[in-house]
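Subject: Structure handover and findings

Dear colleague,

My notes on it follow directly after.

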Amino acid sequence: MRKISVSLVLALVITSLLSMYKFDRNCQQLRDGVFRLHILANSDSSADQQLKLTVRDAVIDLSESLFDGCETMEDAVAAAKENLSLIQQTAERTVTECGANYSVNVSVGQADFDTRHYEQVTLPAGSYTALRIVIGEGNGHNWWCVMFPQMCLPAASQSTELERAVDKNSAEIAENYDKYEVKFKIVEIFEQLRG
């Protein structure tokens, strides 16, 4: 009887691990298929948080033309890199117009994100390629969204846009958080341990 119990437990563990492996593989495709925007405010003061949102709006307005015609995440990353100085100038001008005297650092690179729920989709925790904008000291709460596919834009249908960037299985995971909530939590814990 003990051998049967041990066999059942091992079978359950192996099945769970295989299920998590497949889930994580789909999560990795989500990480590899989207380009995120990450803006860090100078501080948590209300003025600095409002400034962050004003910079966000200016960069999102600019992004409509910068990423128009981008068919893949790689296209969007290339467009961002080619236009870093324009993005930098836009952010700096916005900061100055708001009466602040902060430096602005704009870069494209890897950034770690927690699991994030948007209106219709959930993106798993992990490392993503991101356009990062750090205002001043960058010690305040941050703001993020997805630049490609263009899910930052109010008119964008998040689920439709995501399905253009990743395969059907990965999009299905992102669109059904309730169905995969426990797995999202496990991935987030794993990513925190890994980091």
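A contact, as the term is used here, means heavy atoms within 4.5 Å. Of the contacts in the protein chain with a separation of 6 or more, 72% are accounted for by residues 24 or more positions apart.

The model is predicted: local features need pLDDT of at least 70 and side-chain atom pairs count only at pLDDT 80 or more, while totals for chains, interfaces and linings use all residues. Residues are numbered from 1 along each chain as its sequence is written, and side-chain values use heavy atoms, with hydrogens and water left out.

Overall architecture

The protein chain contains 7 helices and 6 strands, where helices (H or I, at least four residues) and strands (E, at least two) are DSSP runs numbered from the N terminus. Read from the N terminus, the order of elements is α-β-α-α-α-β-β-β-β-β-α-α-α. Of the 195 residues in the protein chain, 47% are buried; buried means under 20% relative accessible area, exposed means over 50%, and partly exposed lies in between (1.4 Å probe, protein chains only).

Nonpolar cores

A nonpolar core is a set of buried Ala, Val, Leu, Ile, Met, Phe, Trp, Tyr and Cys residues joined through side-chain atoms within 4.5 Å. The largest one has 46 residues, and those with the most contacts inside it are Phe 35, Leu 37, Val 55, Phe 67, Leu 131, Ile 133 and Met 147. At least two residues of this core come from each of β1 (35-40), α2 (46-66), α3 (73-82), α4 (84-97), β2 (104-113), β5 (126-135), β6 (142-148) and α6 (168-175). Another core, of 7 residues, lies apart from it and includes Phe 23, Ile 173, Phe 184 and Val 187.

Leu 37 illustrates the contacts: leaving aside residues up to four places away in sequence, Leu 37 touches Val 59, Ile 60, Leu 131, Ile 133, Trp 143, Trp 144, Cys 145 and Met 147.

In α6, the buried residues are Ser 170, Ala 171, Ile 173 and Ala 174. Seen down the axis of α6, these buried residues fall within an arc of 155°, so they line one face of the helix; the arc is that of the directions from the helix axis to the C-beta atoms.

Aromatic pairs

The structure holds 3 aromatic pairs. Rings of Phe, Tyr and Trp (its six-membered ring) pair if their centres lie within 6.5 Å; planes under 30 degrees apart count as stacked, over 60 as edge-to-face and the rest as tilted. The rings of Phe 35 and Phe 67 have centres 6.2 Å apart and planes at 80°, so this pair is edge-to-face. Because Phe 35 lies in strand β1 and Phe 67 in the loop between α2 and α3, the pair ties together parts that are 32 residues apart in sequence. Both Phe 35 and Phe 67 are buried.

The pair formed by Phe 113 and Tyr 128 is also edge-to-face, because the ring centres are 5.7 Å apart and the planes stand at 85°. Phe 113 lies in strand β2 and Tyr 128 in strand β5, so the pair ties together parts that are 15 residues apart in sequence. Phe 113 is buried, with a relative accessible area of 5%, and Tyr 128 is buried at 0%. Ring pairs link Phe 113, Tyr 128 and Trp 144 into a cluster.

Polar residues and cysteines

Arg 31 is found in helix α1 (residues 2-33) and counts as buried at 3% relative accessibility. Its side chain is joined to that of Gln 28 by a polar contact of 2.9 Å. A polar contact is a pair of N or O atoms within 3.5 Å; within protein, one must be able to donate a hydrogen and the other to accept it, and residues adjacent in sequence count only if both atoms are side-chain atoms.

Ser 63, in helix α2, is buried at 4% relative accessibility. The side chain of Ser 63 reaches the backbone oxygen of Ile 60 at 2.7 Å. Ser 85, in helix α4, is partly exposed, with a relative accessible area of 49%.

The count of disulfides (a pair of cysteine sulfur atoms within 2.5 Å) comes to 0. Cys 27 is buried at 0% relative accessibility, whereas Cys 98 is partly exposed at 43%.

A cis peptide bond

The peptide bond from Phe 148 to Pro 149 is cis, with omega near -5°. Pro 149 lies in the loop between β6 and α5 (158-165).

With kind regards
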